[in-house]
Amino acid sequence: MWDPSTGINLGPITLHYYSLMFILAFGLGYFLMSKIFQRDRVHQKYLEPLFTWTLLGTILGARLGHVIFYQPELFKQDFLSVFLPIQTQPEFKFTGFSGLASHGAAIALIFTTLYYAYKIIGKNPFWVYDRIGIVVALGGAFVRIGNFFNSEIIGKPVHQDSPLAVLFPQMSSEYGLTVPRYPTQLLEAGGYFLLFIALWFLYRYTNKKYQQGWLFGLFFIVLWSIRLLVEFLKEPQGEEFIGFLGLNTGQVLSLPFIVAGVIIMVTSKNRKISPEENSKPE
């Protein structure tokens with residue numbers, strides 16, 4: 001039975017667990033990227049703008065991605081709620097940034113990182129992507145744990161005797177009678193955490209970080225493959241506007257990222273740099 005409170009009561013405000021997971025994701029990401037810059041002997045002055053552009057790209061991209069792929073009617077029904085943490089229809093209410101799609105965040109991060117790479121740090125974008133992939137994998141795990149706290153993005157029904165069976169009574173109003181379901185949020189979080197460990201090990205103890213794009217290609221292949229597989233166990237996230245060969249919207253959107261990861265990984269052999277080139281802006 002999973003029926004937690006919505007957050008931690010701090011008197012006049014409540015710190016929601018989902019928001020706390022987001023804070024932990026970005027806080028640990030900042031700490032890890034600081035260590036990565038130290039290891040690569042890159043000046044810490046380049047860290048703050050990376051954090052700023054990553055934060056903006058993640059939140060705005062994830063929000064726009066959700067609305068475009070899953071809830072496009074909001075553009076007409078409540079336009080301000082697309083870009084602001086509020087709703088104005090049927091009544092005004094502060095909602096926080098809810099309804100976020102990882103595919104939208106990934107697309108936005110690609111473009112914000114391009115700007116950061118060329119205009120700020122002066123490095124090949126794949127140098128930045130390789131390192132961002134490490135912290136994004138860990139951040140993705142925390143976000144899915146936040147979804148678990150919120151009893152959202154739940155799994156399909158499973159037999160009550162299954163060791164994976166979880167009851168989510170808070171979702172009864174949306175899905176009806178409470179029945180045992182797969183904890184798909186935790187399955188996805190576990191996969192992302194293992195990916196983080198693998199990427200950190202490869203960055204720390206191998207020379208793959210000098211083959212620009214190799215780590216990022218691997219990140220794309222594994223992360224979106226995890227997403228594609230776990231989707232088979234998930235309930236639909238609203239109306240499915242995209243479908244192909246029996247795959248749902250999340251799975252179809254994951255396929256191009258997987259293909260892109262393979263291409264990036266294969267072509268990374270053409271982007272090798274020396275340890276000396278690695279530690280200086282171009």
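Guide: Helices (H or I, at least four residues) are DSSP runs, numbered from the N terminus. Bear in mind that this is a predicted model, where local features need pLDDT of at least 70, side-chain atom pairs count only at pLDDT 80 or more, and totals for chains, interfaces and linings use all residues. Residues are numbered from 1 along each chain as its sequence is written, and side-chain values use heavy atoms, leaving out hydrogens and water.

Visitor: What makes Asn248 a cap for helix 10?

Guide: A side-chain oxygen of Asn248 sits 3.2 Å from the backbone nitrogen of Gly250, at the N-terminal end of helix 10.

Visitor: How do you know that the length of helix 10 agrees with what it should span?

Guide: The expected span is 1.5 Å times one less than the number of residues. Helix 10 (residues 249–267) has 19 residues and should span 27 Å; its end C-alpha atoms are 28 Å apart, so the two agree.

Visitor: Why is Glu231 called buried?

Guide: Buried means under 20% relative accessible area, exposed over 50%, and partly exposed in between (1.4 Å probe, protein chains only). Glu231 comes out at 4%, so buried it is. You'll find Glu231 in the loop between helix 9 (214–230) and helix 10.

Visitor: Which side chains make polar contacts with the side chain of Glu231?

Guide: The side chain of Arg227 does, at 2.7 Å, and the side chain of Asn248 does too, at 2.9 Å.

Visitor: Is Arg41 buried or exposed?

Guide: Arg41 has 63% relative accessibility, so it counts as exposed. Arg41 lies in the loop between helix 1 (17–39) and helix 2 (47–70), and its phi is near 60 degrees, a positive value in a residue other than glycine.

Visitor: And what about Ser151, buried or exposed?

Guide: Ser151 has a relative accessible area of 0%, so it's buried. Its phi is positive as well, about 55 degrees, although Ser151 is not a glycine. Ser151 belongs to the loop between helix 6 (125–149) and helix 7 (172–175).

Visitor: Last one: why is Phe83 called partly exposed?

Guide: Phe83, in helix 4, has a relative accessible area of 35%, so it gets the label partly exposed.

How values were computed:
Helix = DSSP H or I, 4+ residues; strand = E, 2+ residues; numbered from the N terminus. Polar contact = N/O pair within 3.5 Å; in protein donor to acceptor, adjacent residues only side chain to side chain.
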